[in-house]
Amino acid sequence: MTETPRTALTIAGSDSGGGAGIQADLRTFFACGVHGLVSLTAVTVQNSLGVQGFTEIPAEVVAAQIKAVAQDMGVNAAKTGMLATAEIIRTVAKTLDEVHIGRDTGVPFVVDPVAASMTGHALLREEALEAIRTELFPRATLITPNLDEVKLLTGVSVSDKESQYAAARALLEFGSTWVLVKGGHMYDDPHCVDLLSDGREFVELSGHRYDTENTHGGGDTMASAITAALAKGATVPDAVAQGKEFIERCVAEGYALGAGVGPVSPFWRLKES
Ligand code: PXL
């Protein structure tokens with residue numbers, strides 16, 4: 001009989017263009033060999049040129065999806081992406097406690113604090129930032145902000161190594177076990193250096209910077225690859241190292257689709273296996 005794979009749950013929004021959101025999460029989970037479970041939070045209307053708008057799913061339906069899959073199928077690791085509203089964030093936090101997912105439960109929980117699309121369209125109502133800080137970060141095994149999200153969440157503008165370390169320390173104050181401050185948006189750095197820390201250990205992960213336009217869904221893909229590795233039992237530093245290696249290949253193999261920004265691609269993993 002076929003062995004049942006480990007499971008990873010994504011709590012996130014849909015991207016009609018198929019490159020970010022739950023679509024990025026599910027294709028990454030598939031490429032990484034874990035079974036993807038979904039709690040849908042919002043439906044965005046978008047293509048390669050940008051987000052035209054979104055509608056959120058009622059908070060009780062977000063909670064019901066989490067409970068339905070957690071109680072029957074079991075969750076080995078979970079992540080959040082676009083959460084849209086403060087009400088959804090508060091409901092997700094309460095529901096994760098009920099089904100025993102989070103930093104103190106043995107089921108790792110990754111928070112990717114998605115605030116806006118790459119083209120700058122808000123994917124989170126402004127008042128919801130505080131709920132991310134107070135409701136989600138204290139429950140998180142790992143948080144994975146990019147530099148725009150770091151600025152929104154802490155006020156720290158990261159421009160060099162020193163400010164990246166300061167941002168990591170400031171973010172850990174909100175209560176996650178680990179923080180990954182992604183340096184990819186420091187465009188004058190020829191490398192993409194991400195900083196991982198739990199407050200004691202500081203690990204710099206350096207990657208190649210590719211000259212490409214096609215980076216849509218990059219953050220979601222990296223967080224999902226990390227979540228998949230955690231679902232398979234990796235430690236946080238090992239899972240992040242695996243996620244970094246994975247996203248680098250996905251960026252290298254991003255493709256043009258539509259007139260705007262194309263998606264990163266996990267297809268290389270399927271060709272290799
Ligand atoms: O990449 C961030 C993101 C997450 N989730 C959804 C998105 C986007 C970016 O556009 O549309 C649904």
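## A question to start

Does Q46 count as buried or exposed? Q46 has a relative accessibility of 12%, and under 20% is the cut-off for buried, so Q46 counts as buried. Please keep in mind that this is a predicted model.

## Around Q46

Q46 sits in strand β2, which runs over residues 35-47. Its side chain has two polar partners listed here: the side chain of T44, at 2.8 Å, and the side chain of D15, at 3.3 Å.

Setting aside neighbours within four places in sequence, Q46 is in contact with D15, S16, G17, V51, Q52 and H216.

## The ligand site

Q46 also takes us to the ligand: an N or O atom in the Q46 side chain is 2.5 Å from a ligand oxygen atom. D220 has a polar side-chain atom 2.6 Å from an oxygen atom of the ligand. On its own the ligand has 310 Å² of accessible area, and the protein covers 92% of that.

Which residues are around the ligand? They are G13, S14, A20, G21, T44, Q46, M82, V114, S117, L123, H216 and D220.

In soluble globular proteins, nonpolar side chains tend to be buried together. Here the largest nonpolar core has 56 residues, and L9, V92 and I101 have the most contacts inside it. Helix α3 (residues 86-98) gives this core its largest share, 6 residues.

Not counting residues up to four places away in sequence, V92 touches I11, V62, I66, T80, L83 and L136. There is also a second, separate core of 29 residues, which includes L142, W178, L180 and I247.

## The overall fold

Now for the whole chain. The protein has 9 helices and 9 strands. Its radius of gyration is 17 Å, close to the 19 Å that the globule rule gives for 273 residues, so the protein is as compact as a globular protein of that length. The C-alpha trace spans about 45 × 40 × 40 Å along its principal axes.

Buried residues make up 55% of the 273 residues. Among contacts with a separation of 6 or more, 68% are between residues 24 or more positions apart.

Definitions and conventions
Residues are numbered from 1 along each chain as its sequence is written. This is a predicted model: local features need pLDDT of at least 70, side-chain atom pairs count only at pLDDT 80 or more; totals for chains, interfaces and linings use all residues. Side-chain values use heavy atoms; hydrogens and water are left out. A nonpolar core is a set of buried Ala, Val, Leu, Ile, Met, Phe, Trp, Tyr and Cys residues joined through side-chain atoms within 4.5 Å. Buried means under 20% relative accessible area, exposed over 50%, partly exposed in between (1.4 Å probe, protein chains only). Helices (H or I, at least four residues) and strands (E, at least two) are DSSP runs, numbered from the N terminus. Contact means heavy atoms within 4.5 Å. A residue is near a molecule or strand if one of its heavy atoms lies within 4 Å of it. A polar contact is a pair of N or O atoms within 3.5 Å; within protein, one must be able to donate a hydrogen and the other to accept it, and residues adjacent in sequence count only if both atoms are side-chain atoms. Accessible areas come from the Shrake-Rupley method with a 1.4 Å probe; for residues, only the protein chains shown count as cover. The radius of gyration is taken over C-alpha atoms; the globule rule is 2.2 Å times the number of residues to the power 0.38.
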